[in-house]
Amino acid sequence: MNWRTVIYVILLVSLTVVKALPRSYRDIEEKTSIGQRFSQLQENTFKAIAMIMFAQYAQGGTFGKAVKMAEDVTDLAKRCAAAASDSPDCLKPLDRIFLDTICQEENLPSFTDCCAKKDPERNDCFLSLKNSSRGFISPFERLNAEAACKNHSQDQHSLTGYFIYEVSRRHPFLYAPTILSVAVRYDEMMKNCCGSTEDPTQNLEECFRRQAPKVVKPVREDGLRQEHTCGILKKFGERTLKALKLAQISQKFPKADFVTVSKLVMDVANMHKDCCRGDMLDCMRDREEILHYVCANQDVLSSKIKNCCEKPLLQRSECIVNAENDDKPADLSPHVREFIEDEGICERFAQQKDTHLARFLYEYSRRHPEFSAQMLLRIGKGYEDLLRECCKPGAPDDCRSRGEEELKKHIYETESVMKTSCDIYQEKGDYYFQNELLMSFTKKMPQLTSAELIKFTKQMTTIGSTCCHLSQDKLLPCAEENLDLVLGEICRRHLTDPINPGVCHCCSSSYALRRPCLGKLEIDENYVPLSLTPGLFTFHEELCTTEEEKLRHKKQEMLINLIKYKPQITQEQLASVTAAFTAMREQCCQEETPAACFAREGPELIKRSEKMLSA
């Protein structure tokens with residue numbers, strides 16, 4: 001398969017072509033034949049999509065099988081297009097042909113039960129088997145630079161095709177154009193690093209190390225965001241997802257009217273439903289239709305997306321998402337007091353609750369681009385709670401007017417939390433700020449492993465470096481929306497392996513309140529501290545390493561174990577133990593045999609630390 005040609009053709013595929021993609025089983029009347037699809041998409045684009053679909057559906061299948069199935073389907077499509085055939089195979093919906101091909105393939109026993117079902121239940125069964133959990137498929141092996149370049153020089157097309165297959169089966173819900181654009185970056189990396197193999201000054205390992213993050217980053221980031229959105233939809237339902245998208249779209253397009261924004265919200269929510277189910281063809285078509293609508297209606301939506309709409313299709317979506325919010329209308333009033341003061345508020349709330357609340361969220365969001373979407377949802381929830389209370393019979397006359405004071409209080413609290421965090425970050429820097437987070441989160445979630453705690457707090461520290469230097473109007477959206485991704489990952493970890501009741505409550509009760517809820521968690525009182533076994537604190541000569549990163553990692557592991565051993569540790573106790581450890585390390589690392597020193601002084605340090613911690 002000429003995969004390089006496939007990749008570059010997909011970059012040029014037009015909106016008209018993508019609209020040719022079939023809808024799901026519920027829209028069978030809209031479907032056209034596989035021959036028509038082939039003619040609209042052209043061979044290389046059709047073949048690329050087929051390859052990704054088979055790798056995402058049959059994750060356990062080999063590369064050879066995925067290639068064979070993609071070529072079989074492409075050959076059928078080519079025959080049907082050439083002869084305009086009305087044979088039964090040519091008239092089947094495309095999604096059914098894909099599943100028939102998998103079911104006819106030998107040595108794929110895991111699909112026997114699904115293949116026995118009739119459509120659309122068969123499709124639902126296949127989708128339910130998609131597994132994106134880490135470890136389901138072994139991680140990518142570290143690239144051997146010389147071997148990779150040798151393979152690239154011998155058959156670069158198959159190597160790129162194999163890369164597409166490996167990414168697709170590890171990310172069965174990832175948007176296909178993301179995979180194809182990543183494959184372009186992979187191909188460019190291979191050309192750049194392997195192109196000068198005869199040059200003795202070319203360091204292959206260094207070249208791959210430098211360029212690999214550009215390849216991996218879109219997969220990791222797009223995959224995380226997609227998983228995050230699907231987690232919100234699964235846990236909190238369509239109503240919450242629509243509210244989130246309403247806030248975000250209202251901020252992005254403040255000049256658009258409520259009807260236009262509502263249409264986009266519905267379309268985006270439906271797209272996510274298809275994408276989260278794993279219906280890749282539906283997901284692609286939904287997404288491209290939204291892009292087409294947005295770019296065709298720039299005049300009523302935004303003046304900031306003209307350049308985005310001129311970009312190649314694969315770059316358009318990311319560009320629009322990252323584009324600046326449009327300027328607010330000049331005549332937009334600063335307040336929305338009519339939602340508090342109008343006489344007919346309670347009647348409208350009773351008769352059209354969701355529409356009324358949506359209008360409030362739309363009006364408030366378009367006026368406040370400086371707030372995070374999550375904060376806007378909390379404001380919307382506060383408004384709903386206010387009307388529930390104040391629209392009851394017998395409620396005092398000034399009931400609704402109290403809402404404004406509550407709102408100001410919440411805004412102040414949220415901004416204070418973010419400001420305090422940034423002040424600490426700017427004072428302490430990355431490493432010591434992460435240590436503060438490690439102390440806090442180890443007390444809240446001692447059930448997490450050291451590796452998990454270090455990973456999550458490292459991600460939070462990165463948010464500090466990314467957001468804390470921004471102006472006040474950009475700080476909150478940057479900080480809370482990025483923090484929401486990390487907390488979403490923690491909550492998905494909780495779903496697969498429960499952490500503790502406090503985390504369960506915060507991750508389950510309310511999406512809008514998830515961040516403040518987790519922030520208020522303190523020590524898990526039900527946690528049974530670690531016992532002081534001989535292996536809990538070990539001191540070896542590796543503590544004398546001159547590699548600062550390794551030393552810091554080792555210290556953080558010891559800090560976590562210390563808190564798991566003594567969750568109630570005070571700052572003063574921690575300072576004393578840390579000072580004693582630092583003195584011992586300096587002493588032993590200066591001796592001729594550090595290992596003997598650590599073996600002698602380590603147990604003594606533990607004894608002294610026990611006394612300090614029991615004081």
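Hi everyone, and thanks for coming. Please keep in mind that we are looking at a predicted model.

Let me begin with the annotation. The UniProt record, an unreviewed entry, gives "domain: Albumin" for residues 23–216, 217–409 and 410–607. Take residues 410–607: that span is 74% helix and 0% strand, and its end C-alpha atoms lie 47 Å apart. The unreviewed entry also lists Asp279 under "binding site". You will find aspartate 279 in the loop between helix 13 (258–277) and helix 14 (280–296). Is aspartate 279 buried or exposed? Its relative accessible area is 6%, under the 20% cut-off, so aspartate 279 is buried.

Now to the cysteines. A disulfide, as you all know, is a covalent bond between the sulfur atoms of two cysteines. How many disulfides are there? The count comes to 17. I will walk you through three of them.

The pair I'd like to start with is cysteine 80 and cysteine 90, with sulfur atoms 1.9 Å apart. The angle about the S-S bond is -80°, and this link of cysteine 80 and cysteine 90 is left-handed. Cysteine 80 sits in helix 5 (residues 63–83) and cysteine 90 in helix 6 (residues 88–91), so the bond ties together parts that are 10 residues apart in sequence. Both cysteine 80 and cysteine 90 are buried.

Next come cysteine 114 and cysteine 125, whose sulfur atoms are 2.0 Å apart. Cysteine 114 is buried at 2% relative accessible area, and cysteine 125 is buried at 13%.

While we are here, look at the loop between helix 8 and helix 9, which holds proline 120. Most peptide bonds are trans. The bond joining aspartate 119 and proline 120, however, is cis, with omega at about 10°.

Cysteine 422 counts as buried at 8% relative accessibility, and cysteine 468 counts as buried at 12%.

And cysteine 504? Cysteine 504 is partly exposed, at 33% relative accessibility.

A residue that touches cysteine 504 is histidine 494; leaving aside residues up to four places away in sequence, histidine 494 touches Ile499, Asn500, Val503 and Cys504. Histidine 494 is in helix 24 and is buried, with a relative accessible area of 7%. Between the C-alpha atoms of histidine 494 and cysteine 507 there are 8.2 Å, with the two residues 13 apart along the chain.

Let's go back to helix 23 for a moment. Helix 23 has 18 residues and reaches 26 Å from its first C-alpha to its last, close to the 26 Å expected. Its buried residues include Leu453, Ile454, Phe456, Met460 and Ile463. What do the buried residues of helix 23 pack against? They pack against helix 22, helix 24 and helix 27 (548–565).

Finally, the nonpolar core. The largest one has 164 residues, and Ile34 and Phe539 touch the most other members. Helix 12 (residues 204–252) gives this core its largest share, 11 residues. Which residues does isoleucine 34 touch, not counting those up to four places away in sequence? They are Phe46, Val73, Leu76, Ala77, Cys80, Cys90, Lys92, Leu94 and Ile97. That list brings us back to our opening pair, as cysteine 80 and cysteine 90 form a disulfide.

How values were computed:
Residues are numbered from 1 along each chain as its sequence is written. This is a predicted model: local features need pLDDT of at least 70, side-chain atom pairs count only at pLDDT 80 or more; totals for chains, interfaces and linings use all residues. Side-chain values use heavy atoms; hydrogens and water are left out. A disulfide is a pair of cysteine sulfur atoms within 2.5 Å. Helices (H or I, at least four residues) and strands (E, at least two) are DSSP runs, numbered from the N terminus. Buried means under 20% relative accessible area, exposed over 50%, partly exposed in between (1.4 Å probe, protein chains only). UniProt positions are given in the numbering used here, feature names are shortened, and annotations may be inferred rather than shown by experiment. The expected span of a helix is 1.5 Å times one less than its number of residues. Contact means heavy atoms within 4.5 Å. A nonpolar core is a set of buried Ala, Val, Leu, Ile, Met, Phe, Trp, Tyr and Cys residues joined through side-chain atoms within 4.5 Å.
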